[in-house]
Amino acid sequence: MISRNDKKHGISIFKQLLIPTVISMSLLTQAHGNMAERSKLVELSLEDLGDIEITSVSKSSQKLREAAASIYVITQEEIRRSGATSIPEALRLAPNLQVAHTASNAYAISSRGFNTTTTNKLLVLLDGRSVYTPLYSGVFWDVQDTLMEDIERIEVISGPGATLWGANAVNGVINIITRNAADTQGTLVTTALGSEEKGIGVRQGGKTTGGMDYRFYAKQFDRGASVNAAGGVLQDSWKGAQGGFRIDNSSDKQQTWTLQGDLYSGSSEQRLNDDRRVEGANLLGRWNRKLDNGHVQVKTYIDHTKREYPGSWSESLDTIDIDAQHQFRVGQHEILWGGGYRYADDKVQNGLTFAFLPEHAHLKNANLFVQDQIDLIANTLKLSLGTKFEHNNYSGLDIQPDARLSWSVNDKHQLWGGISHAVRAPSRIDRDIYAPAPPASPFLAGGSNFTSEVLTAYQLGYRGQLASRFTLSTTIFYNDYKKIRSIERDSGGVLFFANRMEGTGQGVELWGDLQLTQSWRVHMGYVYIEKHLTLPADNYNPAGVAAEGNDPKHQFSLQSSLNLPYNIEFDSMVRYISALPSPAVPSYTAFNFRLGWKPTPKWGLALVAQNLFDNQHPEFGTANNRSEVERSIFIKSTWKF
Amino acid sequence: MLHTHRVVFPVFVSCLMLGTLSQSVAQNTPTEESLEYSVKAAYLFKFGSFVEWPPNTFLEPTSPLMVGVVGEDPFGIKLEQIIQGHTINGRPLVIRRFNHGQQPQDVHILFISKSEQQNLNAMIAGLNGVLTIGEFEPSLPGVMINFTLNNNKVRFDVDLDAVNRAELKISSKLLSVARNVRGKVQ
């Protein structure tokens, strides 16, 4: 447990470090070894050359590399070479995430700790469409899917991103971006067949005479049930199908637009009742216009998702969202401002064990944000100031300011620091839950005064090229949490949610990339997290502070990608996750391997083995009947023509 | 636990700061310039290692690989900057430039500038065992590798029929990276 003194101390460390940094930053001017950088181009692979953005007009990805934030970008190539067949599995590639398999079809995923099966401090976007559920501010990972080959990249930002991305971006943002239809031309057929996994995916891309690019895709998968510690099969096998399209019109360089949509359904077994069913559809439009000075983007989407758990509850959620942003430059200031509005119509059919009341909720969220990026010294010292004003039904107005300073020492080294304030807005579970459901008198109820959870985050980071073939990125963070969800008891003896937990989280994130030879790349990642949360003595949390996540202190990963003659690729990944404290989950080390072979340019084969040296291991949950992850071996085949 | 932090955090950051401060401070140059032709130059070099020329193309294992540019040169100094001093399979690279309308000779890789579109067919007919590269929009027959810009990135299409006619062999690795491949593998 942490005392008030310790907390102050954490902040003073930050002051001690940041202030001298700022002073020394302003004393130095910066350098650009443009030439050196260019001569490095020949060391890149053909794939990497094709991924270089050649002008700074579309600055998004360049900005990511320079952003004053802890960002890890999972590329399509990394996904392919990992053999990952689902988005949650691909997220294991990001060193700055905690990913735990909790059941065949469920994951606990978080950043900077606070991991639970209903993690609520992480924002997840799929092509800009927010996929968190307003039921508990978390993500139902079983329905977040697309053709893995169509993912361009996944940006994983650990730490707050609230100013640009909005509420819930407290401990991190996951931004999944699919490829432009121009990059997915032709036909693709993939199949996977193995011990735990069967899947097929088809995509057809083309071009219209008017210069529009399009693709259609469909996929189907079947994943085996997980097992308990004794090896008994748990009834949680899972299957699903999804189809969709994307149309991109980039024929007019001044003005581009995208229209895309998906349709899905799935089901998973459960022990006593009929299968759980999920289904949904979404449609998203995005329009970009270049201006003489800057650009404008307008994005809108509708999303329908339905979840039926026979014997328990069901939910139908319809969301409509529109947002716009405008970026322009005035002198040294690059201003980005915008706003958005989201309306969600959430209907729950309650069961006996718990109820959301009212059953039918109308949730409204409006926001306005502005960010000013100031070039204090051109190409060297950048100050970014921003704030977001966000209004929701439950807690009203939240203001989330953010200040960051980034110093490019030269073209090889960058230091950055930031102070951010972010909130996790109340969700339906915090306010509207009753357990058991009426007419039984509740034992636990939502808190009518439950308000936003608050974080103030202090971060300091470095990223750079330490040697010609070695890049490193590291961040230290100190998070000060206030008003975290706690459980109290009212005079009638009913437990209810309040905001009386508080404390700190701190840690180090570190990852590096080493190109040993032209054909051998090694990547390593390490994360250290510790949390010190406290509850007032008169609290009634049955799990105590453990209710706010079960996190490993250490997490280490090492990936190797080796290109061999005869178009053979050999990839391996080992990851070590230290023990989880409460409920106790032993530490584990998992080994994944992939052997890929491309007999012809159009046909590729891969043999993938996940958890090869391990029959099964638990990653999350209480010991008695938790789901364990088994060894999985499958063959993947990919045709492109 | 916090006691270790008292030491670890400042030491950790100080090390990072020292490392970066000790870097030399060079001249300030603008970086807004487009990378397009730097990337294309790097491709020109990379392609060399994925192509097999007909037997007897080179006299000796260390004979140089000749890279030509014909017509208005879009690379300027970048071609030299990027590929000078590198070798492909032990062969040094030599860059040759040909004027507008001139028939290139003694080259293995040839970048055909847009300025040569008029007499393209005649020029290609006069080449023998040369990997031809262009940046035509749309692509033109006879140009084996054609650069295109796609979402602000440099990609390329391959015309395998033209490659086969010239009796060159292109590795499947290169084909798998191409955006579009026209024609059949032989």
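In which sense do strand S13 (residues 238-249) and strand S14 (residues 255-268) of chain A pair, and over how many bridges? The first legend answers this, and every view shows a predicted model.

View 1. Strand S13 of chain A pairs with strand S14 of chain A in the antiparallel sense, and the pairing extends over 12 bridges. A hairpin of 5 residues leads from S13(A) to S14(A), and within this pair Asp248(A) stands opposite Thr258(A) of S14(A). S14(A) also runs antiparallel to strand S15 (residues 276-291) of chain A, to which 14 bridges join it; here Gln255(A) stands opposite Arg289(A) of S15(A).

**View 2. The open sheet of 5 strands in chain A.** The strands of this sheet follow the order S1-S8-S9-S4-S5, and their pairing is mixed. Its edge strands, each pairing on one side only, are strand S1 (70-75) and strand S5 (129-130) of chain A. Strand S4 (residues 122-126) and strand S9 (residues 172-178) of chain A pair in the parallel sense over 5 bridges, and Leu126(A) has Ile176(A) in S9(A) as its bridge partner.

**View 3. Ile174(A) and the largest nonpolar core.** The largest nonpolar core contains 75 residues, and Ile174(A) is among those with the most contacts inside it, together with Ile74(A), Ala90(A), Leu91(A), Ile109(A), Ile154(A) and Val156(A). When residues up to four places away in sequence are left out, Ile174(A) touches Leu91(A), Leu122(A), Val124(A), Ile154(A) and Val156(A). A second, separate core has 44 residues, including Ala42(B), Val130(B), Val154(B) and Ile170(B).

**View 4. Phe328(A) and its surroundings.** Phe328(A) lies in strand S17 (residues 313-330) of chain A, and it counts as partly exposed because it has 15 C-beta neighbours inside 10 Å. Although Phe328(A) and Gly294(A) are 34 residues apart in sequence, they are 4.2 Å apart in space, C-alpha to C-alpha. Not counting residues up to four places away in sequence, Phe328(A) touches Leu291(A), Asn293(A), Gly294(A) and Ile335(A).

**View 5. Confidence along chain A.** The average pLDDT of chain A is 87, with 92% of the residues scoring at least 70. Among the elements of this chain, helix H1 (residues 4-27) has the lowest mean pLDDT (36), whereas helix H6 (residues 87-91) has the highest (97). The pLDDT is below 50 over residues 1-36 of chain A, a stretch that has 58 contacts in the model beyond near neighbours in sequence. Where pLDDT is low, the predicted coordinates should not be read in detail.

Technical notes:
Residues numbered from 1 in each chain as written. Chains lettered and ligands numbered in written order. Predicted model: local features only at pLDDT ≥ 70, side-chain atom pairs only at ≥ 80, totals over all residues. Core = buried A, V, L, I, M, F, W, Y, C linked by C-beta atoms within 7 Å. Buried ≥ 20, exposed ≤ 12 C-beta atoms within 10 Å, placed from the backbone. Contact = placed C-beta atoms within 7 Å. Pairing = 2+ DSSP bridges. Helix = DSSP H or I, 4+ residues; strand = E, 2+ residues; numbered from the N terminus. pLDDT = per-residue confidence, 0-100.
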